[in-house]
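This report concerns a single protein chain and one of its residues. The sequence and structure are shown first.

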Amino acid sequence: MMSRHAQAGHLDWIGLRAARRGDVESTLRAAVTEAGLDGDHGRSGKRAVTLIQAEHLPVIAALIGRDDVAAADLRRNFVISGINLAALRKGAVRIGEVSLLIEGPCPPCSRIEETFGPGGYNAVRGHGGWYASVVQGGILRVGDTVAAG
């Protein structure tokens, strides 16, 4: 039961952060290595890449009283829709030709209130996404299928 998913998901968005506090640039294609995304300031290991559930963006927006929230505001690398990322924790996930291991939840950082204002930190708690290590690198494209395995 725990290994079954109702459907495959999709990679909706890719974001690169060239510098730690730099702007997030959206791209349609990215190369993934063991160290993370080419062109991203991330690091290898358990936190090589970050993912967020697309379905959580409207929840965060509602909790801060906005109509919508941009993926770039949350500074994650990937926005995934259609499959529950929490159900994939500690398991392999395949996005296109890339294989990741969902390691743990991404809590918001204290700087999130610079973006969303007072209460932004608590609005993102439990909805901040996941960090993952890279098992097998490759090229990702927006629209790639996301599935367990």
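The text below treats the chain as a whole and then one residue.

The model is predicted, so that local features need pLDDT of at least 70 and side-chain atom pairs count only at pLDDT 80 or more, while totals for chains, interfaces and linings use all residues. Residues are numbered from 1 along each chain as its sequence is written, and side-chain values use heavy atoms, without hydrogens and water.

The protein chain has three helices and 11 strands, in the order β-β-β-β-β-α-β-β-β-α-α-β-β-β from the N terminus. Helices are DSSP runs of H or I with at least four residues, and strands are runs of E with at least two.

| Property of the protein chain | Value |
|---|---|
| Span of the C-alpha trace along its principal axes | about 40 × 35 × 25 Å |
| Accessible surface (Shrake-Rupley, 1.4 Å probe) | about 7600 Å² |
| Share of that surface from carbon and sulfur atoms | 50% |
| Buried share of the 149 residues | 44% |

Buried means under 20% relative accessible area, with a 1.4 Å probe and protein chains only.

Glutamine 53 lies in strand β5, which covers residues 49-53. Glutamine 53 is buried, its relative accessible area being 8%. Leaving aside residues up to four places away in sequence, glutamine 53 touches Ile80, Gly82, Ile83, Asn84 and Leu85; contact means heavy atoms within 4.5 Å. With isoleucine 83, a polar atom of the glutamine 53 side chain lies 2.7 Å from the backbone oxygen.

Key: Buried means under 20% relative accessible area, exposed over 50%, partly exposed in between (1.4 Å probe, protein chains only). A polar contact is a pair of N or O atoms within 3.5 Å; within protein, one must be able to donate a hydrogen and the other to accept it, and residues adjacent in sequence count only if both atoms are side-chain atoms.
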